[in-house]
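Colleague: Could you walk me through how to read this model, feature by feature, giving the general idea before the particular case?

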Amino acid sequence: MKKFSLRCSAFLLAAILFLPPVMPDVKAAGKPDTAAVPASFPVPEIRSPRLAYTELAVREKSLLDEALCDFVSEDVVCLMDAGIDYTISEWVEKSTHTYLFFDKDLPDGTLYTACGYARTANGGYVYFELSSPEKLTEETVNFQVKQAFSGPWNFETRSC
């Protein structure tokens with residue numbers, strides 16, 4: 001019995017490591033809004049905060065977290081291939097949105113980005129990237145997300 005469970009564990013580990021991730025539910029629900037800039041890499045010079053987003057078809061928190069990690073992982077691979085340094089910090093969870101800070105040390109200077117997902121007024125979710133040449137704060141990200149995806153909810157505010 002011990003050999004059997006060991007073999008099953010080894011098989012599952014091999015399957016996880018060697019199979020490409022398949023997430024049929026984490027496909028874009030449609031094309032991004034024409035007023036938004038599609039989320040992609042490389043990013044041209046940005047002088048003011050820029051918000052890009054893509055609608056998501058999923059609504060479960062665990063799948064939304066996984067989608068966020070997948071989007072960030074794609075950017076990390078591109079940055080690593082280009083030899084560009086990056087820093088990923090703080091994972092912030094609010095009642096209506098979740099994001100992380102992702103700083104990219106591009107040749108033209110550091111690009112500060114908040115990558116995450118937010119609930120929209122119609123109950124759906126979007127993956128968003130808020131990028132700026134200036135350092136982003138939680139207050140800035142929360143304000144921009146509220147402005148872009150406002151709905152009938154109140155954002156939590158916390159003091160340190």
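Modeller: Let us start with a hairpin: S2 is joined to S3 through 3 residues. Strands here are DSSP runs of E with at least two residues, helices are runs of H or I with at least four residues, and both are numbered from the N terminus. Two strands count as paired if DSSP finds at least two bridges between them, and S2 and S3, which run antiparallel, are joined by 8 bridges. In this pairing, Thr87 stands opposite Asp103 in S3.

Colleague: Before we go on, what should I know about the origin of the model and its conventions?

Modeller: This is a predicted model, in which local features need pLDDT of at least 70 and side-chain atom pairs count only at pLDDT 80 or more, whereas totals for chains, interfaces and linings use all residues. Residues are numbered from 1 along each chain as its sequence is written, and side-chain values use heavy atoms, with hydrogens and water left out.

Colleague: In what order do the elements of the protein chain run from the N terminus on?

Modeller: The order is α-β-α-β-β-β-β-α, and the secondary structure comes to 3 helices and 5 strands.

Colleague: How should I read burial, and what percentage of the 160 residues do buried residues make up?

Modeller: Buried means under 20% relative accessible area, exposed means over 50%, and partly exposed lies in between, with a 1.4 Å probe and protein chains only. By that criterion, buried residues make up 34% of the 160 residues in the protein chain. Glu90, found in strand S2 (residues 85-93), counts as partly exposed because its relative accessibility is 47%.

Colleague: How many of the residues of S5 are buried?

Modeller: 8 of the 8 residues of S5 are buried, so this strand is largely enclosed by the rest of the structure. Both faces are covered, with Tyr125, Tyr127, Glu129 and Ser131 buried on one side and Val126, Phe128, Leu130 and Ser132 buried on the other.

Colleague: Which sense, parallel or antiparallel, does S5 adopt with strand S1 (residues 50-56)?

Modeller: S1 and S5 run antiparallel and are joined by 7 bridges, with Val126 in S5 as the bridge partner of Glu55. S4 and S5 also pair in the antiparallel sense, over 8 bridges, and there Ala118 stands opposite Val126. The hairpin of S4 and S5 has 5 residues between the strands, and in this hairpin Gly123 takes a positive phi near 90°.

Colleague: With which side chain does the side chain of Ser131 make a polar contact?

Modeller: A polar contact is a pair of N or O atoms within 3.5 Å; within protein, one must be able to donate a hydrogen and the other to accept it, and residues adjacent in sequence count only if both atoms are side-chain atoms. The side chain of Ser131 makes such a contact with the side chain of Thr113, at 3.3 Å. Ser131 is buried, because its relative accessible area is 7%.

Colleague: Which residues touch the most other members of the largest nonpolar core?

Modeller: In soluble globular proteins, nonpolar side chains tend to be buried together. A nonpolar core is a set of buried Ala, Val, Leu, Ile, Met, Phe, Trp, Tyr and Cys residues joined through side-chain atoms within 4.5 Å. In the largest one, which has 16 residues, Leu68, Val72, Phe102 and Cys115 touch the most other members. Helix H2 (61-82), strand S3 (97-106), strand S4 (109-119) and strand S5 (125-132) each supply at least two residues of this core, and H2 gives the most to it, with 5 residues. A second, separate core of 14 residues includes Val92, Tyr112, Ala118 and Phe128.

Colleague: With which residues is Val141 in contact, leaving aside its neighbours within four places in sequence?

Modeller: Contact means heavy atoms within 4.5 Å, and on that basis Val141 is in contact with Tyr99, Phe101, Ala114, Phe128, Leu130 and Leu136. Val141 has its place in helix H3 (residues 138-148) and is buried, with a relative accessible area of 0%.

Colleague: Finally, how many disulfides does a search of the whole structure find?

Modeller: A disulfide is a covalent bond between the sulfur atoms of two cysteines. The criterion is a pair of cysteine sulfur atoms within 2.5 Å, and the search of the whole structure finds 0 disulfides. As for individual cysteines, Cys69 is partly exposed, with a relative accessible area of 36%, and Cys78 counts as partly exposed at 35% relative accessibility.
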